[in-house]
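Please consult the sequence and coordinates shown here alongside the text.

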Amino acid sequence: MAPNQEKTENPERRKVIALLEPMSSAAESYRNIRSSIFYTAPEGDMKVLTVTSSLPREGKTTTVVNLAVVIAQCGKKTLLIDGDFHRPKIHRLLG
Ligand SMILES: Nc1ncnc2c1ncn2[C@@H]1O[C@H](COP(=O)(O)OP(=O)(O)O)[C@@H](O)[C@H]1O
Ligand SMILES: [Mg+2]
């Protein structure tokens, strides 16, 4: 399937911009977040990263999905677990 066709068929997938548009400034911003996180812990020390916030729709799902993509892109084994038992959505962005 052509990448553009894939983008239009599932609107949720458009949010995975780090995968669909790796040269975009948004994708670059997620790579900057990745660098900042890696900078805070020595290589190999950080095994688990939790992202949360106090209110819905603050950007958690979008952030973690794109962050997982850019972390995987730099060769690290990456497991993304959706801990939102009320409104799980990660499967819709990546499924
Ligand atoms: N960095 C961002 N800039 C603009 N809109 C964003 C950003 N991150 C997320 N959004 C939008 O905000 C809304 C809520 O995002 P979502 O990731 O589902 O939040 P949460 O998981 O915290 O409920 C979505 O419509 C999403 O597209
Ligand atoms: Mg969410």
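Residues are numbered from 1 along each chain as its sequence is written, while chains are lettered from A and ligands numbered from 1 in the order in which they are written.

The average pLDDT (the predictor's confidence in each residue, from 0 to 100) of the chain is 90, and 92% of the residues score at least 70. Where pLDDT is low, the predicted coordinates should not be read in detail. Helices (H or I, at least four residues) are DSSP runs, numbered from the N terminus.

The table sets out the spans of two helices; the expected span is 1.5 Å times one less than the number of residues.

| Helix | Residues in helix | Span, first to last C-alpha | Expected span |
|---|---|---|---|
| α4 | 14 residues | 20 Å | 20 Å |

A residue is buried if 20 or more other C-beta atoms lie within 10 Å of its own, exposed if 12 or fewer, and partly exposed in between, with C-beta atoms placed from the backbone. In α3, the buried residues include A27, Y30 and R34. They lie on the same side of α3, because they cover an arc of only 60 degrees around the axis; the arc is that of the directions from the helix axis to the C-beta atoms. The face turned away from this buried side carries the exposed residues S25, E28, N32, S35, S36, Y39 and T40. Cover for the buried residues of α3 comes from elements including α2 and α4, where contact requires C-beta atoms, placed from the backbone, within 7 Å.

In α4, T61, V64, V65, N66, L67, A68, V69, V70 and I71 are buried. Their cover includes α2 (17–20), α3 (25–40) and α5 (90–94). After α4 comes G75, with a positive phi near 95 degrees.

Around ligand 1 stand K15, S53, P56, R57, E58, G59, K60, T61 and T62, each with its C-beta atom, placed from the backbone, within 6 Å of the molecule. By class, this shell holds one nonpolar, four polar and four charged residues; Pro counts as nonpolar, Glu, Lys and Arg as charged, and Gly as polar. R57 belongs to the loop between α3 and α4. Its phi is positive, near 65 degrees, in a residue other than glycine. R57 counts as exposed because it has 9 C-beta neighbours inside 10 Å.

Notes: Predicted model: local features only at pLDDT ≥ 70, side-chain atom pairs only at ≥ 80, totals over all residues. Helix = DSSP H or I, 4+ residues; strand = E, 2+ residues; numbered from the N terminus. Contact = placed C-beta atoms within 7 Å.
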